[in-house]
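Here is a protein model to read through.

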Amino acid sequence: NGGEVLSAQGRQSIDQAIGQFRAFYGSPLIVEGYASSGSESEQWLKSRRRASMVLGYLQAHYHLSPKNTGIVPLRDTPPENSGKTTFDGVSLVSVGSGK
């Protein structure tokens with residue numbers, strides 16, 4: 001329908017990134033969504049859809065508990081310490097050690 005989809009390259013990037021979180025498996029995981037085009041409300045909706053799409057993939061393929069996962073739409077505000085003024089995509093954030 002012309003909307004965004006999670007590409008094979010996107011899934012591969014997620015698979016590589018999630019390997020870094022294996023030490024924190026069982027800890028809360030937040031998917032931050034970002035979008036830099038459109039009005040503020042369009043950015044919020046697009047960033048929310050992106051985060052939801054990635055979270056759905058993570059839950060389906062890595063069997064992550066919905067109790068320990070969530071999303072945060074952040075429009076185009078870059079991740080802290082990224083050195084960027086805007087951001088377009090997703091970021092995975094692990095919270096705590098799970099122990």
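**Contacts, fold and pocket**

Reader: What share of the contacts in the protein with a separation of 6 or more comes from residues 24 or more positions apart?
Author: This is a predicted model. A contact here means heavy atoms within 4.5 Å. Among contacts with a separation of 6 or more, the share from residues 24 or more positions apart is 74%.

Reader: In what order do the elements of the protein run from the N terminus?
Author: The protein has two helices and three strands. Read from the N terminus, their order is α-β-α-β-β.

Reader: What percentage of the residues of the protein count as buried?
Author: Buried means under 20% relative accessible area. The protein has 99 residues, and the part that counts as buried is 29%.

Reader: How much of the accessible surface belongs to carbon and sulfur atoms?
Author: The accessible surface totals about 6,300 Å². The carbon and sulfur part of that surface is 51%.

Reader: What is the volume of the largest pocket, and which residues are closest to its centre?
Author: The volume is about 220 Å³. The lining has 14 residues. Closest to the centre are Leu6, Gly10, Ile14, Val54 and Val90.

Reader: Which element gives the most to the lining of the largest pocket?
Author: At least two lining residues each come from helix 2 (40-62), strand 3 (89-94) and helix 1 (8-19). The top contribution is four residues, and it comes from helix 1.

Technical notes
Residues numbered from 1 in each chain as written. Predicted model: local features only at pLDDT ≥ 70, side-chain atom pairs only at ≥ 80, totals over all residues. Heavy atoms only, no water. Buried < 20%, exposed > 50% of the residue type's maximum accessible area, 1.4 Å probe, protein only. Areas by Shrake-Rupley, 256 points an atom, 1.4 Å probe, with all protein chains shown as cover. 1 Å grid on protein atoms, 1.4 Å probe; cavity = no way out; pocket = protein on both sides within 12 Å on 5 of 7 lines; lining within 4 Å. Points joined across faces, edges and corners; volume = space filled by probe spheres on them.
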